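My notes follow the order in which I looked things up.

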Amino acid sequence: MMIKPNALLFDFDGVIVHSFKVHSAAWHTAFQHVFGSALPQLPHEAYAGKSPRLIAALFCEVAGDKQKANMLLDAKKTFLDESTVAPELLPGVHEIQKFAVTHKIPYGIASNANRQFIKKSIAQLQIQFELYYGYEDYTNPKPDPEPYVKLAQRLGIAPSQFQNTWVFEDSLVGISAAKKAHMFPVGILTQYSEQQLKDAGAVLVFPTLKEAYLALERAYATDK
């Protein structure tokens, strides 16, 4: 029997939206601005799901100047804030939001992305998220459990109830954070395979939130 959630916690990039092009453009522009050269090519696994602070430090290390990490991060944030391009909304977001409201399930976002970017994207895409956290809101970003612990507690979920708190994640870093928080990790197949997500700790895996929503609908319908 499927565990019914007492809260729905969402990552942002790769779960709610697909924003790789938007972030990539901002990083390329920022790197060119700070270093006067093209952004180095790195394996996707090197930065997937990580905090922008860590990504900036990684790019600067490759460029041979670790001292410019904060400068690069600030430049990236500036160019991201100035961008008028909205990320792509992924399937199932409106449906799962409506489901949560109908069944009085609290929900929110805990992301390693920039908080202002999340806020702007929510407005651009007209999706209903009143509670959302970005990397500026944590001392320790994912894979540390702090982001999801902080969000769950803000939603009124006690640590003793975390095992029934669903966390939707597309990255191995995020799945690890949910697992460390002793929550219920649910993988979304945006960038990793089902086996990779399950090996990281995902209990359930769905292509998108749409399939997750349909599974929840079926589970609740059988109890009527």
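How many bridges pair E4 and E5, and in which sense? I looked at this predicted model and found two bridges, in the parallel sense. Within this pairing, Ile109 stands opposite Tyr132 in E5.

**Entry: the sheet**

I then traced the whole sheet. It is open and has six strands, in the order E5-E4-E1-E6-E7-E8. The pairing is parallel. I checked the edges next. E5 and E8 (204-206) stand there, each with a single partner strand, so one side of each lacks a neighbour in the sheet. I noted for myself that strands of a sheet pair through backbone hydrogen bonds, in a parallel or an antiparallel way.

**Entry: strand E1**

I went on to E1, which covers residues 7-10. Which strands does E1 pair with? I found E6 and E4. Four bridges join E1 to E6 (residues 165-169), and the two run parallel. Three bridges link E1 to E4 (residues 107-110), again in the parallel sense.

I followed Phe10 to both sides. Its bridge partner in E6 is Phe168. In E4, the bridge partner of Phe10 is Ile109. Ile109 is also the residue I had found opposite Tyr132.

Are the side chains of E1 buried or exposed? I found that Ala7 and Leu9 point one way, while Leu8 and Phe10 point the other way. All of them are buried.

I turned to the loops. Most residues other than glycine have a negative phi, and most peptide bonds are trans. I looked for exceptions.

Lys104 is one of them: its phi is positive, about 55 degrees, and it is not a glycine. I located Lys104 in the loop between helix H4 (93-102) and E4. Lys104 is exposed, with a relative accessible area of 74%.

Gln126 also has a positive phi, near 55 degrees, without being a glycine. Gln126 sits in the loop between helix H5 (115-125) and E5. I looked up its exposure too: Gln126 is exposed, at a relative accessible area of 61%.

Where is there a cis peptide bond? I found one from Lys142 to Pro143, with omega near 20 degrees. Pro143 lies in the loop between E5 (132-133) and helix H6 (146-154).

**Entry: back to the edges**

E5 pairs with E4 over two bridges. Helix H7 (residues 172-180) packs on the sheet and touches E6 and E7 (184-188). The direction of H7 makes about 165 degrees with that of E7.

Notes
Residues are numbered from 1 along each chain as its sequence is written. This is a predicted model: local features need pLDDT of at least 70, side-chain atom pairs count only at pLDDT 80 or more; totals for chains, interfaces and linings use all residues. Side-chain values use heavy atoms; hydrogens and water are left out. Buried means under 20% relative accessible area, exposed over 50%, partly exposed in between (1.4 Å probe, protein chains only). Two strands pair if DSSP finds at least two bridges between them. Contact means heavy atoms within 4.5 Å. Axes are lines fitted to C-alpha atoms, for helices over the stretch in contact, and angles run from 0 to 180 degrees between N-to-C directions.
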